[in-house]
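Student: I would like to learn how to read a few features of a protein model. Can we take them one at a time?

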Amino acid sequence: MDATLKKALEGIARNPAAPLEVLLRLVPVAAHEIASRREDKSPELVEKLLATGDSLGLDDPAVQLELIQHSIDRHIPVSASDLALYAGEDLSTLATHADPNVRAALGRAWDYRMPEDVRRALLADPDPGVRNSVAGYPHGDAPEDLHQKLLADEATRESVASYATLSREIAEELVAADNEELRAEVAKNPSLPTDLRDRLAEDPSAFVRAHVILRQDLSEDRRRELHRDLCSAAEGPWSAESFALTVLNASAVPWVSLLPLAERLSYLDSPIHCFRAEVAASPDLPPEVVTALHDDKDVGIRRLVAHRPDTPGDVLERLVAEHGEHPKHRPLIVDHPNFPPEAFIRFATHSDPRRRSIALKGPDLPLEILAELATDPDGQVRADVAGHLKTPPEILRALIEDRDLSVCAAAGANPRLPRQVMLDLLGKAGL
């Protein structure tokens, strides 16, 4: 079987509209894809899948428990819902499970909504891995009465070092620790004595110095000096200083958002992205400031401001036309209620294939545009046409035999693919 046909059949196996007769015939070549489907599986299909020995994804409690146990044993993250299934009852009962791997998995799976009594039990667990699993993110600050105990524990001290009240003795010990991650956390602690803060500002680790820059009690001149030194020493994307700057730029500076508006606006002049981003996310910015930020030289700032509910459609379109979408930023700019629907049509003829792909996010593209993009020289554009829910069957018939395998798979998975096309491909494959 050639690769194009195989990919098309794998796409059909994931197609939510594929009829049972098609799925049954597909089992020999696409059992994995069929077993992973979220749609209900008939007893006949389940039986045929089990006969292949590939039961991944089947609604078999024994199989699911085996997979969960496999993940726990190998320290692979397990969701809270899977752990609840594993427990067979209330999640909190796992806090006293005999296996420390299970208790640690509970700590990693549950977030800040974990009941305090369960968290306290895990923080006092005899196994250091269990204590570590609940000491920090995403659980929020630990109970205040436990701070000193957690600071004294190697398994948990890094998780509380940024906010626990520090005695002089403990602060000196942490600042002198041979662990840059720990020193970086201490560098953010508001109770850190000034002289120790200044010592960390001269730390040999760029990563630690970057965290000192985030402190509220640092003078603005000193903050800019430290940032300037990091930028000057950054040589190539893989240097320690470049990594420290990347971490710094992505950091949150929550104290900035609590400042009075006039003081907050002064940080728009900062050369440090995270400070400007904190201000740009403010809901109470004056209109003239918002207008200026829509033309900011930092695209990340423009994206932040674009998510405001009052952003004009032409501003949104210009941002996407010039810089596209960022896959990590959700919701997408094109999902903004003010994004002009006609912009999708304009993007369809853009010189950049990435913008033509964005055109396919338009729900109401005219059929003639879909037909034109179906022959686009870029494979990703054709794949997006193949996956579009308005693409007509006659176009899907052509795309399912496309030379690009991702296009074949997308066409096969499209619910609008005619049943007869599915049957024809099964016959071609000898199934």
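Student: Is S205 buried or exposed?

Tutor: Buried means under 20% relative accessible area, exposed over 50%, partly exposed in between (1.4 Å probe, protein chains only). S205 has 7% relative accessibility, so S205 counts as buried. This is a predicted model: local features need pLDDT of at least 70, side-chain atom pairs count only at pLDDT 80 or more, and totals for chains, interfaces and linings use all residues. Residues are numbered from 1 along each chain as its sequence is written, and side-chain values use heavy atoms, with hydrogens and water left out.

Student: Where is S205 found?

Tutor: In the loop between α13 (194-200) and α14 (206-212). Helices are DSSP runs of H or I, at least four residues, numbered from the N terminus.

Student: Which residues does S205 touch?

Tutor: Contact means heavy atoms within 4.5 Å. Not counting residues up to four places away in sequence, S205 touches E180 and R183.

Student: Which residues are buried in helix α11?

Tutor: In α11 (residues 168-175), these are I170, A171, L174 and V175. They cover an arc of only 130 degrees around the axis (taken from the directions from the helix axis to the C-beta atoms), which puts them on the same side of α11. An α-helix has 3.6 residues a turn, so residues three or four places apart point the same way.

Student: What covers the buried residues of α11?

Tutor: The cover includes α9 (147-151), α10 (157-160), α12 (180-187) and α13.

Technical notes: Helices (H or I, at least four residues) and strands (E, at least two) are DSSP runs, numbered from the N terminus.
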